[in-house]
Amino acid sequence: QVQLVESGGGLVQAGGSLRLSCAASVTVFEIERPAWYRQTPGNQRELVAALDLSNRPNYADSVKGRFTISMDNAKNTVYLEMNNLKPEDTAVYSCKAEVKLTVGTMWNSYWGQGTQVTVSS
C-alpha cells in the first residue's frame, strides 16, 4: 500500500521558516501534479500550492511571494518552502499527488496524512 508521507511541520515564531517534504512510502515510478493543501478545524481544505503537468507553480493569493513548491524528480519528493510565516498559516498541511507505481500501471491519486504547522505570534 503506497502512502505519501509528510514531514517538516512544527512550531515556529511569526516571521520564521519551515520546509515541508512529501515522499512516497515505497519506491514508485513517477509522481506528477503534486499539490499542498491546508486545513484548520471547522474550515474547508484550502489549496496552497500546486505544480501543473509542465511543472509550473500556482499559489493561493495568501501565500504568494512567501511559499515555494518544488519537486525533486530523482527522489520523487515534493517540497513546500514556507518563509515569513504568519499565525494565519497555522493549519494541518497535506500533500496530494498523482502516482504511477510502475511503468505499466495507471495513475492514481494519493494523499498524505498531514503535518501540523503552528505559527506563534
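Guide: Asp89 is buried, with a relative accessible area of 1%; buried means under 20% relative accessible area, exposed over 50%, and partly exposed in between, with a 1.4 Å probe and protein chains only. This is a predicted model, in which local features need pLDDT of at least 70, side-chain atom pairs count only at pLDDT 80 or more, and totals for chains, interfaces and linings use all residues. Residues are numbered from 1 along each chain as its sequence is written, and side-chain values use heavy atoms, with hydrogens and water left out.

The partner of Asp89 is Arg66: the two form a salt bridge whose closest N and O atoms are 2.7 Å apart. A salt bridge here is a side-chain nitrogen of Lys or Arg within 4 Å of a carboxyl oxygen of Asp or Glu. Arg66 sits in the loop between strand E6 (57–59) and E7, and Asp89 in the loop between E8 and E9, so the pair ties together parts that are 23 residues apart in sequence. Strands (E, at least two residues) and helices (H or I, at least four) are DSSP runs, numbered from the N terminus. Arg66 also counts as buried, because its relative accessibility is 9%.

A second pair is Arg38 and Glu46, with 2.8 Å between the closest N and O atoms of their salt bridge. Arg38 is buried at a relative accessible area of 7%, whereas Glu46, at 29% relative accessibility, counts as partly exposed. Salt bridges link Arg38, Glu46, Arg66 and Asp89 in a network. The count for the model is 6 salt bridges; one of them joins the side chains of Lys96 and Glu98 at 3.4 Å, N to O. Glu98 is buried, with a relative accessible area of 10%.

Leaving aside neighbours within four places in sequence, Phe67 is in contact (heavy atoms within 4.5 Å) with residues including Arg38, Asp89, Leu80, Met82 and Tyr93. The largest nonpolar core has 30 residues, and Leu4, Trp36, Phe67, Leu80, Met82 and Tyr93 touch the most other members. Such a core is a set of buried Ala, Val, Leu, Ile, Met, Phe, Trp, Tyr and Cys residues joined through side-chain atoms within 4.5 Å. Two or more residues of this core come from each of E3, strand E4 (30–39), strand E5 (46–51), E7, E8, E9 and strand E11 (115–120). E9 gives the largest share, 5 residues.

A disulfide, meaning a pair of cysteine sulfur atoms within 2.5 Å, joins Cys22 to Cys95 with an S to S distance of 1.9 Å. The pair links distant parts of the chain, with Cys22 in strand E3 (residues 18–24) and Cys95 in strand E9 (residues 91–100), 73 residues apart. The model has 1 disulfide, and this link is right-handed, with 60 degrees about the S-S bond. Cys22 is buried at 3% relative accessibility, and Cys95 is buried at 1%.

Asn76 lies in the loop between strand E7 (67–72) and strand E8 (77–82). Not counting residues up to four places away in sequence, Asn76 touches residues including Cys22, Ala23 and Val28. Its relative accessibility of 11% means that Asn76 counts as buried.
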